[in-house]
Amino acid sequence: MKELEELRSIEAIERFIQDHTFSFVYVSRQDCSVCHAILPKLRELLEQFPRISLGHIQGEAVGEIASRYLIFTAPALLLFVEGKEHLREDRFVQFGALEKKLKNLMELFS
């Protein structure tokens, strides 16, 4: 399963995005059953993409994330390439479609 870096502050999130060419940020909430169900599937999917780094944020712990990145629901999945957001999914994720989008982006930036 894809390794996961816990991000506990807005500074840690921004550093994570800047430090990795491909940074995938997963925002969840403790009380969100959908969040808990999606994370293992996401980690499994991202095994196919070794260049993508995965960071996890508990939305309650980093309240600023909602306003900084315009996140209105959980889970929220954001992929940044060279510090710029290129993909956003939220709530009910279609993993087949997400996989295709990731493959296209990785080809584009290879």
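Predicted model: local features only at pLDDT ≥ 70, side-chain atom pairs only at ≥ 80, totals over all residues.
Which residue in E5 is the bridge partner of Ala 76? Local features need pLDDT of at least 70, side-chain atom pairs count only at pLDDT 80 or more, and totals for chains, interfaces and linings use all residues. Residues are numbered from 1 along each chain as its sequence is written, and side-chain values use heavy atoms, without hydrogens and water.

**View 1. Pairing of strands E4 and E5.** Strand E5 (residues 84-90) pairs with E4 in the antiparallel sense over six bridges. Strands are DSSP runs of E with at least two residues, and helices are runs of H or I with at least four, numbered from the N terminus; two strands pair if DSSP finds at least two bridges between them. The bridge partner of Ala 76 in E5 is Asp 90. Two residues lie between the strands of this hairpin, in which Glu 82 takes a positive phi near 50°.

View 2. All six residues of strand E4 (residues 76-81) are buried, so the strand is largely enclosed by the rest of the structure. Buried means under 20% relative accessible area, exposed over 50%, and partly exposed in between (1.4 Å probe, protein chains only). Ala 76, Leu 78 and Phe 80 point one way, while Leu 77, Leu 79 and Val 81 point the other way. Six bridges join E4 to the antiparallel strand E2 (residues 22-28), and Ser 23 has Phe 80 as its bridge partner in E4.

**View 3. Contact of helices H2 and H4.** Ile 38, Lys 41, Leu 42, Leu 45 and Leu 46 in H2 meet Phe 95, Leu 98, Glu 99 and Leu 102 in H4, where contact means heavy atoms within 4.5 Å.
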